[in-house]
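Reader: I would like to go through the charged side chains of this model. Please show me the sequence and structure.

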Amino acid sequence: MNLLDLDARWRRFNDPDRACPCCGRTFSGIFDIGFDEPDSWPHPPLAETGTDDLSVGEDRLTADLCRIDGDRFIRCVLPLPIRGSDEVFFFGVWARVGDGVFFAYLDAINGTGASFDGAEAWIMNDLPLFESDDPIAATLSSGDAGARPVLSVRSGPLADAQKDGISFDHLLDIYAASGTDIRPHLTTD
C-alpha cells in the first residue's frame with residue numbers, strides 16, 4: 001500500500017467512476033503539463049496553424065524540434081516523482097542545446113550516428129511554481145526507444161523536487177498555478 005492511498009483526496013483523484021458532487025467532473029489520476037513551444041517562440045503556436053511543421057523565415061517549429069534565431073531546442077520530459085506513491089508527474093518542456101548536441105541527437109534518433117549519451121541543456125519554459133529569471137541548467141539524456149529525451153535538473157528547488165519528489169498538495173498547487181485548480185473537486189463526496 002502506498003501512503004497516499006490513505007488520503008481521501010488522492011483516492012477521489014484516481015477514481016474515474018467518482019463524479020464531483022458539485023459539477024459531475026471526473027478524474028483518472030495524474031495528468032502531465034506540456035508546453036507546445038519554447039517560451040521565446042515569437043510566432044503563432046503550431047496548433048493554430050493546422051500544420052505539423054511551421055517555418056517563419058529561418059525559425060522552425062515541429063512537435064519535437066525547434067530553431068529560433070539560430071538557437072536549437074529539443075522537446076523533453078522532466079519527471080517529478082510523487083511522494084507516498086509509485087506515480088510520476090511529467091512536465092513536457094523545451095530544452096535549448098548547442099548545435100553539436102542537436103545534430104548528434106538527430107543522428108542518433110535517425111539511426112545515422114552513434115548513440116546519444118546526453119549533454120548539457122537549459123530549460124526554456126517557465127514552470128508553474130518553479131519559475132526562474134534565468135534558464136535552468138539540466139542534463140539531457142536519451143529516453144527509452146521512441147520516447148522523448150529526459151531532463152535532470154542540476155541544482156536548486158527543481159533538482160530537489162526531482163530527487164526527493166513532490167507532495168500531492170504540491171502537485172495540486174502546480175495544477176492550480178497552471179490554470180487548472182482541481183482542489184475544490186476533491187474535498188467532498
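Author: This is a predicted model.

Reader: Which side chain does Arg-183 meet in a salt bridge?

Author: Side chains of opposite charge can pair when their charged atoms come close. Arg-183 has its salt-bridge N to O distance at 2.8 Å.

Reader: Is Asp-7 buried or exposed?

Author: Asp-7 forms a salt bridge with Arg-9, at 2.8 Å from N to O. Arg-9 counts as partly exposed at 22% relative accessibility. For Asp-7 the relative accessible area is 18%, and the cut-off for buried is under 20%. Asp-7 is therefore buried.

Reader: Which residue is linked with Asp-7 and Arg-9 in a network of salt bridges?

Author: Asp-7 and Arg-9 meet through their side chains. The network of salt bridges that holds these two also includes Asp-169.

Reader: How many residues apart in sequence are the parts that Arg-154 and Glu-120 tie together?

Author: Arg-154 and Glu-120 form a salt bridge, with their closest N and O atoms 3.5 Å apart. Arg-154 lies in the loop between strand 9 and helix 4, and Glu-120 in strand 7, so the pair joins parts separated along the chain. Arg-154 is partly exposed at 40% relative accessibility, and Glu-120 is partly exposed at 41%. The separation in sequence is 34 residues.

Reader: How many salt bridges does the structure hold?

Author: The protein chain has 15 positive and 33 negative charges, with mean positions 4 Å apart. The number of salt bridges in the structure is 9.

Note on methods. Residues are numbered from 1 along each chain as its sequence is written. This is a predicted model: local features need pLDDT of at least 70, side-chain atom pairs count only at pLDDT 80 or more; totals for chains, interfaces and linings use all residues. Side-chain values use heavy atoms; hydrogens and water are left out. Lys and Arg count as positive and Asp and Glu as negative; His and the chain ends are not counted. The place of a charge is taken as NZ of Lys, CZ of Arg, CG of Asp or CD of Glu. A salt bridge is a side-chain nitrogen of Lys or Arg within 4 Å of a carboxyl oxygen of Asp or Glu. Buried means under 20% relative accessible area, exposed over 50%, partly exposed in between (1.4 Å probe, protein chains only). Helices (H or I, at least four residues) and strands (E, at least two) are DSSP runs, numbered from the N terminus.
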